[in-house]
Amino acid sequence: MKKISYAVGAYFGNRNVSHPNYLNDYTWYLKKHLEYLNTQTIQPDKIYIVYKFDNNVDINLIKGELNRMCENDNRIILEEKENLGATYCS
């Protein structure tokens with residue numbers, strides 16, 4: 001049987017355009033990814049979330065929310081990358 005992995009590049013910070021819910025919850029986009037995945041008949045074996053932060057956000061608050069989102073799902077692997085000022089997870 002084949003195994004499927006799902007990868008998400010996430011950026012937590014100010015954006016030129018964003019959904020209004022993002023302004024209240026920086027993890028909103030990730031939550032939408034996970035909600036969608038949970039509606040599918042084929043489930044990924046691993047979910048990789050590679051993320052970086054803008055300097056203008058509360059990093060500890062977001063990291064706490066990420067850990068809460070992932071604590072009951074052992075498929076999720078979180079990895080932080082340095083923000084080099086380019087595309088997601090450059």
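**View 1. A10 and its partner in the sheet.** In β2, A10 has Y51 as its bridge partner. This is a predicted model, where local features need pLDDT of at least 70, side-chain atom pairs count only at pLDDT 80 or more, and totals for chains, interfaces and linings use all residues. Residues are numbered from 1 along each chain as its sequence is written, and side-chain values use heavy atoms, with hydrogens and water left out. Strand β1 (residues 5-12) and strand β2 (residues 46-53) pair in the parallel sense, over 8 bridges. Strands count as paired if DSSP finds at least two bridges between them. The strands themselves (E, at least two residues) and the helices (H or I, at least four) are DSSP runs, numbered from the N terminus.

**View 2. On to β3.** Strands β2 and β3 run parallel too, joined by 5 bridges. Look for I49, which stands opposite L78 in β3. Together, β2, α3 and β3 make a right-handed β-α-β unit. Right-handed here means that, with the strands pointing away from the viewer, the path from the first strand over the helix to the second runs clockwise.

View 3. Which residues of helix α2 (residues 28-37) are buried? They are W28, L30, L34 and L37. Buried means under 20% relative accessible area, exposed means over 50%, and partly exposed is in between (1.4 Å probe, protein chains only). The buried residues of α2 pack against β1, α1 (20-24), β2, α3 and β3.

View 4. The structure holds 6 aromatic pairs. The rings of Y22 and Y26 have their centres 4.8 Å apart and their planes at 80 degrees, so this pair is edge-to-face. Rings of Phe, Tyr and Trp (its six-membered ring) pair if their centres lie within 6.5 Å; planes under 30 degrees apart are called stacked, over 60 edge-to-face, and the rest tilted. Ring pairs link Y22, Y26, W28 and Y29 into a cluster. Y22 is buried, at a relative accessible area of 1%, while Y26 is partly exposed, at 23%. R15 lies over the face of Y22, 4.5 Å from the ring centre. For a charge to sit over a ring, NZ of Lys or CZ of Arg must be within 6 Å of the ring centre and within 35 degrees of the ring normal.

**View 5. R75 in its loop.** R75 sits in the loop between α3 (59-70) and β3 (76-80). Is this residue buried or exposed? R75 is buried, because its relative accessible area is 14%. Its side chain makes a polar contact of 3.0 Å with the side chain of Q43. A polar contact is a pair of N or O atoms within 3.5 Å; within protein, one must be able to donate a hydrogen and the other to accept it, and residues adjacent in sequence count only if both atoms are side-chain atoms. Leaving out residues up to four places away in sequence, R75 touches N38, Q43, P44, D45, K46 and I47. Touching, or contact, means heavy atoms within 4.5 Å.

**View 6. C70 in helix α3.** Helix α3 holds C70, which counts as buried at 10% relative accessibility. Not counting residues up to four places away in sequence, C70 touches I76 and L78.

**View 7. N83 after β3.** N83 lies in the segment after β3 and is partly exposed, with a relative accessible area of 30%. Its contacts, not counting residues up to four places away in sequence, are Y11, K52, F53 and D54.
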